[in-house]
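Here's a quick tour to read with the model open in your viewer.

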Amino acid sequence: MRNILTFMFACCWLYNSSAQTFPVEGIRSNQPGIHALTNLTIIISPTKRIDKGTILISDGVIREVDENVTIPVNARKWDCTGLTAYAGFIDASNDYGQPKRPQPTPGGGSQFMMQQSQPVVPRGSLYWNNGIRPEFSASENFMPDKDAAEKLRALGFTSVNSSPISGLIKGTSAVVNLGEGNTHSQILNSNVFQHISFDREPMSQGYPNSLMGIISIVRQTLLDGEWYSKAQAAYKKNSTQQKQEENSSLAALDPSLTNKQKVVFEANDELNLLRAGSLAKEFALSYILRGNGFEYRRIAAIKELNVPIILPINFPDAPNVETPQLALNVELDDLRHWDFAPENPLKLKNANINFAFTTSQLKDVSKFRENVNLAVSRGLKKEDALASLTTIPAELLGIQNLVGTIEIGKIANLVLTNGDYFTEKTKIRETWIAGKRYEVKAAPKIDPRGTWSVQLGNSIDTLSFEITGEVESPAVTISHNKIKVKPTITKTDASTLILSFSGDSLNMKGVVRLTVNVEKNTFAGNGELGDGTQIFCTGILKNAFVEKPDTTKPKLVEKSSFEIVYPEGAFGYSKPPEQPEFVLFKNATVWTSEDAGVLQNTDLLLEEGKIKKIEKNIPAPKNAIVIDATGKHITPGLIDCHSHAAISDGVNESGQAITSEVRIADVINSDDMSIYRQLAGGLTSANLLHGSANAIGGQNQIIKLRWSLLPEDLKIKEAKSGIKFALGENPKQSNWGDMNTTRYPQTRMGVEQIIRDEFRAAQDYKLAKANSAKNPNLIPVRTDLELEALEEILDGKRLVHAHSYRQDEILMLVRVSDDFNFRIATFQHVLEGYKIAEELEKHKIGASCFSDWWAYKYEVVDAIPYAGTIMNNVGVNVSFNSDSNEMARRMNLEAAKAVRYGGMSEVDALNLITINPAKQLQLENKIGSLKVGKDADVAMWSASPLSTTAICEQTWIDGRKYYDRKNDDQLKIEVAKQRTELVQKVLRTKKSPTSTPTPPTLPRRSYSYDCDGEIGVGGTR
Amino acid sequence: MKTLKLFFTILLTSTILFSSDQIPGKKQSKPIALTNGIIHTITGPTYSKGTILFENGKITAIGENVLIPANAEKIDLYGKHVYPGLISATSLVGLVELEAIRSTRDNIETGKFNPNVRAEISVNPDGDLIPTTRANGFLLTHTMPEGGIVSGKSAVLKMDGWTHEDMTLDAPTGLVINWPNMRTSQSQFVRTTEDEQKKEREKDLVALRNLFEDAKAYQLLKKNGVAKTDLKLESMEPFISGKKLLFVVANDQLQIEAAVQFAKEQGVKIVIVGGRDAVYVTDLLKKENVPVILSEIYSLPARRWEDPDYNWELPKKLYDSGIQFSISVQNENSQERNTAFYAGFAVAHGLPADEALRSLTINAAKILGIENKVGSLEVGKDATLFVSTGDPLEVMSNVTNAYIDGRIVDLTSKHTILRDKYIRKYEDLGVLKKKLN
């Protein structure tokens, strides 16, 4: 009774409302809108089902779902025997229906040489940078795409959160149905999420052109958004002041900043997910992550973010390992990713991370279902997979009352299959979207299979047709006596067979063609013999086809072969090194880098990460790890005062002449193989600097090489923050080619002025802030991250590290620092520092230089290898740095060059890479020497560390052994073993060994930079 | 004893005084005997208290009991070491002065096939890198043109002389070929598609074969006196006949394999330059008797999965496989003076120390085909040698004297001149807290 009432009510509603504003052109079309789908297996929700029931739909809405439903007389009935209904699938974010992004030119160009900051043409009231477009509305720009919709429906999707494609802050998404027809009626919900991406924008104006630049501009924009609301309010209260600018982009950010709208952060690897998490936390945003398939690599850290993930299911193709030569270039982490990727969803599930599957990031969308099934075969429960396609995305999108389950009152979005969706053989027959039926692949009306007795033309002989195979792709064998012929078949539809065969052996000349219409037990058709004779044919079913039980063995599912290591891939550790309570090195030659100099036959005791004692004959405490260091040399862990290792996606934000707002801290790359390679050379700390493309560059980050830990855990928290300046040829773009000759500055004169201008601006800014704080009625001063950094320099809170070559420019900056009263911590490279050593000494500025680099550009013509010794002997604190991921592996030999050139003592030479850089970084109380109470960062060498024959055998950081040559030997064996095993697994698993898949595109994990930018990529990527 | 020391000091000082602008050494006019030194002959015994005598630019005697002619200049080495001049086997010294400045680059001729150009022709004897290179014991360089597929003809140079003709020890030493990349790249820095790269490679390989085949045809025509002049084909004569070597720059396994195969087909002798992946093809290299100039040992491993020490261990692995090799620095002319330290680091990674030295001396000479003149201290060979305070493979050692063809080599350089200039500044200012040694 209740059912009938509901139904009647619905009918009234149907006739009483007009759902669209569009005027009708021509004759109105009102197809019947009441459907009864009967005899269905109904999967109501991932956990609830009806084995046989009916779904009643009217006006696009589900009215009834039950085993027994009274079907109204005016309903169109659909017998769905054999079919299973699922709630239509929902993709929580893909680019369906959005305008395509213009394609960049193939190959692109070098970020450093090509991408220049172009003058900005303001467009209306939009943000100055075209990567920032929060005002973009996917809803306003939505246009149904027939082909794409068909492809998605074929996978079972009925709704999509159509998301903006371009930009960094990209705009808002809109949930749409995948139906055809009126655009407006497909849109279920507008302004769903704000989308933010860390992917480099191919159409950008030049800035930002690095990951850290992207994060910076997003951060600045969010700050601007916060400021904009306050500024508007302040102006409303008091309009007797200069109005703030009108900016509709910033206005559009308000819902996100006030937690009224969630933000989706789109991240292309596991580290970017964590970066998104920190940024979201900084602004207390309510957010969701668009993942990437690499989550398994850092699952514990991602779990801590405690947010749902929109999960691409973009499993990589098997790497090409057909020849040993090809396999040589396949990385172990690519092989391992191929092996792990299908288990990524399971691992997320096991970690209790909520996720919704998306088709985005898939190169070939049609592979989606195959991949979902692969994930299921690798352990993901079917109901969890189904939830990720229905209820979870519905909830994420806040439309769980509209879609996601087959329940009364919900939109009639359904997928009808001929069986279990998560089984390979199952076919999707149709989808229903808002009560409209879309056929995917119709079931054949008739099963033609069986043995037929056939009469062909006037022939007296009876032929036999054996029809076997799949219903939808049958095979036919024609036999007469003992002669068998297999015709070629083109099947037009469910009940028509078109065949052609050579009739010679059957006494029919030439090629015979037949078109046969199959009915239940008979068929009839016509055709033509080779000589042009028209013939008829008739058939009678003698034996119907009997389905043989499926005896094929289930495909052997191979689970991933190895355990996850950190970072993933070669030389990763299964867990971080432990910190023993006590570690005792016995009987070593100890280079203290303190006044004590080099101590023979001495013991060194570490306790809980600190240096406890340096004496002869220290008795071993209980439970101490004792290392016999007889014949070995122990030095402080080495420090590289100029490194570009462990930085993700761009060391140079070269898009502007001043980029003090960008932060290396945002883009630490804990996966960089350089960390491990440099540990193997006794290095324990590194000053990660921004590049030198800008007079005032980005903020640096000092790290310890804690291989296996997360980016955050690499940072030396106590380290004073600094910033990179750059003088000379690089900031004035001398070697950037003929395309780059107009950006200010182009001379050393201009470099000075732009630096002075920036400091003056920072002073003005500071004053304005103070003034604004006193006057709450004024529009507040906009937080400018660029000037904030400068203000910190002026306040003595930020150290300046200035890339420099010639003495004139060095002296220039010294004078600027005099005038603005800030201290320069180091000049970096400082090749002509030896010409004005007395100034450096007087100002207590450190010189962090190369040992002997020269003759690669004009400003190094006067560089000499004696520079370090000369400056040292004038009293300047000198360090030797690498500026190279390669050289950072052998800093000890660089130090030895000071002995060669100028005869520095060996003790002083070692200090160039230990205590001296520690002092330059103002960390001398923590690292850089072996002194009781300091961090237990030590390297153990096979010989005197300044000898070319010396090899670093162990490297300890915080009393934890991060590198051990013996362990390294084991890892090498492990790498070889795993490569062999996985290559074999690929060869076993690959379907067709002749195909040549393109190498998978994976995020690059190692970069190699020097000051000028990218000089090559570690590994083959 | 004391007078001898004084004499030695005067001699050294006078060298500095009279050659501060690095004037090439005068032709040896009287015999010179270096005595009381540790003489590393490389091919023969090492004499721990030995004498080496040279006259008219050639070594005339070595041993512990050498009869020193009365007119000889005698220099007591006080236990210092004597070595044959080191060879930088892949050099740009003299061809490139400052990499970033186009006008100072003479290493790459335009076009892909330049078998006719000669490296020694554009060597600037007054380049600033020559004195700094030889000051570290590198008295000989194998200077190679770069670029394209066939870069040009290489030459062995002595690191002293008034003209490039004075400096040339051997030319042409070989033909430099850059083997085309046998893989495709998807790097953003490559501006062509993978298909385009493949096509380009195929085209280059056909053109390379054609160059050799056309050259053979050209020689036949010439014999019959009917060839119109073609400088490129003409210059191929010593290379197609196998009289001279091909130096093939090849790092990737596929490149090395293809290059060796090519040489076999053409019946010519090649040297692999670069050789980064040589350890993966040792059987082939051994079988075909192909030597390798390892110029990538101070590079990072090419692949993430490779052992962090991969490059350092290349020399040891080739040594263990019985493949002849030399160690060099390529594409970085200012770093060539550090080559011996890289060889030293290979020792730390398992290469026997004497093999490291051989790789910079006699083995390099053999690979370059100049072993009858240089590469070891033997009677009759050029008196091209140096004196060191210690093992040249150690960074902390220093070169104190050097001779090329018996001529005294000025060991000062732009670097020492600037050093002395600014030490003077700080002495005058009174701020130099410690003297330099």
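This is a predicted model: local features need pLDDT of at least 70, side-chain atom pairs count only at pLDDT 80 or more; totals for chains, interfaces and linings use all residues.

Residues are numbered from 1 along each chain as its sequence is written, with chains lettered from A and ligands numbered from 1 in the order in which they are written. Helices (H or I, at least four residues) and strands (E, at least two) are DSSP runs, numbered from the N terminus.

**Where chain A meets chain B**

- Contact here goes by C-beta atoms, placed from the backbone, that lie within 7 Å of each other. On that basis, 63 residues of chain A are in contact with 50 residues of chain B.
- Several helices of chain A give two or more residues to the side that touches chain B, including α10 (324-328), α11 (332-340), α16 (673-679) and α26 (965-989). The top contributor to that side is α23(A), with five residues.
- By class, the side of chain A that touches chain B has 28 nonpolar, 21 polar and 14 charged residues. The classes work like this: Ala, Val, Leu, Ile, Met, Phe, Trp, Tyr, Cys and Pro count as nonpolar, Asp, Glu, Lys and Arg as charged, and the others, Gly among them, as polar.

**Chain B as a whole**

- Chain B has 13 helices and 16 strands, and its C-alpha atoms fill a box of roughly 75 × 55 × 45 Å along the principal axes.
- For 437 residues, a compact globule would have a radius of gyration near 22 Å, and the 23 Å of chain B agrees with that. The radius is taken over C-alpha atoms, and the globule rule is 2.2 Å times the number of residues to the power 0.38.
- Of the 437 residues of chain B, 52% count as buried. Buried means that 20 or more other C-beta atoms lie within 10 Å of the residue's own, exposed means 12 or fewer, and partly exposed is in between, with C-beta atoms placed from the backbone.
- Take the contacts in chain B between residues at least 6 apart in sequence: 68% of them join residues at least 24 apart.

**The two domains of chain B**

- The domain assignment gives domain 1 (2-85 + 408-429) and domain 2 (86-374) of chain B; such bounds come from an automatic or database domain assignment.
- The C-alpha centres of domain 1 and domain 2 of chain B lie 32 Å apart. Their contact takes 16 residues from domain 1 and 17 residues from domain 2.
- On the domain 1 side of that contact, β5 (81-84) and α13 (414-429) of chain B each supply at least two residues. That side divides into six nonpolar, eight polar and two charged residues.

**A helix crossing in chain A**

- Helices α6 (residues 211-237) and α7 (residues 248-257) of chain A have axes that come within 8 Å and cross at roughly 95°. Axes are lines fitted to C-alpha atoms, for helices over the stretch in contact, and angles run from 0 to 180 degrees between N-to-C directions.
- α6(A) and α7(A) are therefore roughly perpendicular to each other. Angles of 65 to 115 degrees get that label, under 35 is roughly parallel, over 145 roughly antiparallel and the rest oblique.
- Residues of α6(A) in the contact include A:L222 and A:Y228, and those of α7(A) include A:L250 and A:L257.

- A:A356 sits in strand β15 (residues 355-358) of chain A and is buried, with 27 other C-beta atoms within 10 Å. Among the residues it touches are A:A92, A:P308 and A:L396.
- A:K769 belongs to helix α18 (residues 748-774) of chain A. A:K769 counts as partly exposed, with 18 C-beta neighbours inside 10 Å.

- Most residues other than glycine have a negative phi, and most peptide bonds are trans.
- The peptide bond from A:Y566 to A:P567 is cis, with omega near -10°, and the one from A:Y744 to A:P745 is cis, with omega near 0°.
- A:N191 is not a glycine but has a positive phi of about 50°; A:N191 is partly exposed.
- A:A284 also has a positive phi, about 45°, and counts as exposed, with 9 C-beta neighbours inside 10 Å.

Conventions: Two residues are in contact if their C-beta atoms, placed from the backbone, lie within 7 Å. Lists of a residue's contacts leave out its neighbours within four places in sequence.
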